[in-house]
Amino acid sequence: MAALLAGLATTATAAETAPLSRLDTPMADLVVLEPLIPSDTDPATPMLLVLDSSAPAPNLAHLSILERTHEWIPAFGADVDVERDDLSARWFVALSARHFALIATTPTDAPGTGHAVVIGFDVQDQAGSPTIVETARTRFDHAIEMAGAADVDGFGTAELVVGPRPVIDASGACGTTSLRVLDGVTLDVRRSIDLPGRLGGGVLGDWDETPGDDLLVYASLDCPPGGPGGVRLLAVRLRDGTRSTLSAADTGLEVDVYPPPLRVHLEGMAHDHAVVSLAAGIAIVDAVGGDPVKLGMESGTPLVAGPDPDAQGPATRIAWIDGSGLHAERVRVGPSGLIVRSARTDVIAQDSIEVSRWHLLSRATVEDVLAHGSSSAWLGDVVDEGCPDLILPGALLPCGSADLRPGAGWLATRPIAAMPIEGRRSLLIAAGLGWDPDMGLPASPSPWAAGVAGWWRRGPSTPFAVSEVRADNVTYFQDFPSPAATIEKMTAADGTTLLPGFTGTRLFVTVVPLADEESGPDVAPSRLEGLTAGAGPNGIATVVRVPIPPGNESGRDGSYATLALGDVRLAGADRTTRWAIQAVPINDWGEVGFPVVRTIMRDAVGPTLNMEEPFTSPVWPFQARLPGRSEPGSSVSIDGGGEIPVDERGRFTVVTHLAPWPQTIRLTATDSSGNASTAEFSIIGGVDYRRFPWALIAALALLGVVAARGLVTAGRTRSGAVEATPWSTGTLDEGSMPEIEDLPPGSGLAPADGGPRRD
């Protein structure tokens, strides 16, 4: 019974729902969907079916369908119930262009046999909009570790083939794997095929003369006395379980060390052939019989195979890597019915690739193939339709060229689809975001969209983001720019630090907390050491990405990635103030920059703290509202009143009663690093009379008094004037003044002897 999954179609743009591009949201898997309504004129941009890495709850898987307008936006979203919280390993298998299986299982590092659920669903058109409709589900009491789509009966429709976790026997030496063939529509188990031992890398295809697909897989031998006895290349007919051995491999090796074969369909052959890695070298083998056709003289790893015609007609291009370098060759069926080789081209590492770079790329490439069953190599129409370009890790064979030449590294990154976007040919690139340096180099993503033909998928992809790049840039550059990293000396106030780089750059970072007296490293390691050395017991390893604005291309602008350090602490410590940081930058072309190291210190400065001191404010008993601001992310408290709500911009409001006299409000702001700032603000309810210009007022008052007294004096009669008399006109002049006569001594008015005065 079909049931519409709980979802919500939306027309909101990514810019309205999130500040970043929707392609920057970490993904667990991706499928390219052709448009529901094909265009008869201009080529339409396909849609993307996305399985997000995160979901609203552990028992839910979030699926989205994205369409391209001026940017990638969600056209439909749904939360799928996978029933159990521990089914965290999830991936897609495409059974047709619109029909898919979602596998949710316990991861390989989980103990015990585990559990799994397989959910079938269709992508349908509903009133011109895409929807997701569940069609069936089946539960397993064992974890699923491998899966693929195969036309088991040869009727043209695919069934789902899964490999549950092997059952280990009592001795623990080896186990039994039971393949299950599920009906492509109902997901009912049609057939179980028990295989002794464990399964390794494999590929699905038509390997014999019987109609229907089979599994060509490396498998451990039966368990003889004393334990497993080696590895063999096994062909398993899925319609009836018939097994045949193509070759026995080295008995001293484990099954996991053999890279999976590649499926090759040669024009003129009734069934498929396989490219395999043998002890004697890379070879094309026929499961029906015949001698292998050797391509390389030393053991290597097949990378990619696909159609690559030339002037002589249909042909297949095969590429591989070995200890000497990268190689590609075109093969076809000749007039005699035998396989004919031509157009051999090589990039010899010691001549063309710097030594340390070659060691890094070759090791990462082999690890990718062994872990996920597919490499970062890609063969397809990147620039022009009908003209395939060969992209290898560290080398490139553009369409029309005869020779491999050095190219981008594609480390921890891989191309997944070429398509028309806004009138030009563009390439989508998956950039890996998962990394465990204790396990090895960062893995390239392996979404279903980039899987090889007949992919026998070994578990989920590493998480990834997606970027858009101009397709012709892939073939234009010969030396791709290496990204650079920079580390600041001190964290920001919130305990984070910013790592600059061009958009799309990922920084693979280890952070180790340091004691106060401990010194961090001052010499950067090599690129290989920087990506494979763990962070230690107290440290962390993480990946941060410089975001790409919605609708923009990767690598066009500079920006920053944010790294949080607050939770990285020494064991038993509540707070750490110093860290040793190492960053290795990798861009979306898989080019690796040189590592940088630095000791970074925690910001010890408290946050800014301001509050408005108004000139007028409500006076008691009315409430006053005093706005303030601190650094975003800080908390603010008031003495005697507790914590005050702060918004995302750091704004807050103090609500209090004010008396009409000075009173002090004491605030404390604390940032996420624990740094505190305290400030006191003196407020008066009503009018703050302290702000009046009293000195100016006093001076103006004094000047006013003086001016007023002058006006009063000017209105009165002068009191010192001489009154007019009959003898005087009331004025004094020179002639009217009395004279004083100078007299000689003794001529005074009194006698000298004091006698009576003489007349």
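In the predicted model, strands β15 (residues 199-205) and β16 (residues 214-220) run antiparallel and are joined by five bridges. Within this pairing, glycine 202 stands opposite valine 217 of β16. Strand β15 is mostly covered, with seven of its seven residues buried. Serine 192 belongs to strand β14 (residues 189-196). With a relative accessible area of 44%, serine 192 is partly exposed.

An open sheet of four strands is found with the order β44-β43-β46-β47, and its pairing is antiparallel. Strands β44 (642-644) and β47 (676-683) form the edges, each pairing on one side only. On average, neighbouring strands of this sheet are turned by 30° against each other, direction ignored. Strand β43 (residues 635-638) pairs with β44 in the antiparallel sense over three bridges. In this pair, serine 637 has glutamate 643 of β44 as its bridge partner.

Tryptophan 661 is located in the loop between β45 (651-657) and β46 (663-670). Its relative accessibility is 51%, and tryptophan 661 therefore counts as exposed, the cut-off for this class being over 50%. Together with Phe615, Val687, Tyr689, Phe692 and Ile697, Trp661 makes a nonpolar surface patch of about 550 Å².

The structure holds 35 salt bridges. Side chains of opposite charge can pair when their charged atoms come close. One of these salt bridges joins the side chains of arginine 84 and aspartate 86, at 3.0 Å from N to O. Arginine 84 is partly exposed at a relative accessible area of 33%, and aspartate 86 is likewise partly exposed, at 31%.

A further salt bridge, of 2.7 Å from N to O, is made by the side chains of glutamate 591 and arginine 357. This pair links distant parts of the chain, 234 residues apart: glutamate 591 lies in the loop between β38 (578-586) and β39 (596-601), and arginine 357 in helix α3 (residues 355-372). Both glutamate 591 and arginine 357 are buried.

Glutamate 553 and arginine 470 also form a salt bridge, in which the closest N and O atoms are 3.0 Å apart. Because glutamate 553 is in the loop between β36 (540-545) and β37 (558-564) while arginine 470 is in strand β33 (residues 464-470), the pair ties together parts of the chain that are 83 residues apart in sequence. Glutamate 553 counts as buried, with a relative accessibility of 9%, whereas arginine 470 is partly exposed, with a relative accessible area of 35%. Elsewhere, a network of salt bridges links Asp308, Asp310, Arg317, Arg330 and Arg332.

Arginine 425 is placed in strand β32 (residues 424-432). The side chain of arginine 425 is joined to that of glutamate 385 by a polar contact of 3.0 Å. The relative accessible area of arginine 425 is 19%, so this residue is buried, the limit for that class being under 20%.

How values were computed:
Residues are numbered from 1 along each chain as its sequence is written. This is a predicted model: local features need pLDDT of at least 70, side-chain atom pairs count only at pLDDT 80 or more; totals for chains, interfaces and linings use all residues. Side-chain values use heavy atoms; hydrogens and water are left out. Two strands pair if DSSP finds at least two bridges between them. Helices (H or I, at least four residues) and strands (E, at least two) are DSSP runs, numbered from the N terminus. Axes are lines fitted to C-alpha atoms, for helices over the stretch in contact, and angles run from 0 to 180 degrees between N-to-C directions. Patches are made of residues with over 30% relative accessible area and no salt bridge: like charges are joined within 9 Å, nonpolar side chains (Val, Leu, Ile, Met, Phe, Trp, Tyr) within 5 Å. Accessible areas come from the Shrake-Rupley method with a 1.4 Å probe; for residues, only the protein chains shown count as cover. A salt bridge is a side-chain nitrogen of Lys or Arg within 4 Å of a carboxyl oxygen of Asp or Glu. Buried means under 20% relative accessible area, exposed over 50%, partly exposed in between (1.4 Å probe, protein chains only). A polar contact is a pair of N or O atoms within 3.5 Å; within protein, one must be able to donate a hydrogen and the other to accept it, and residues adjacent in sequence count only if both atoms are side-chain atoms.
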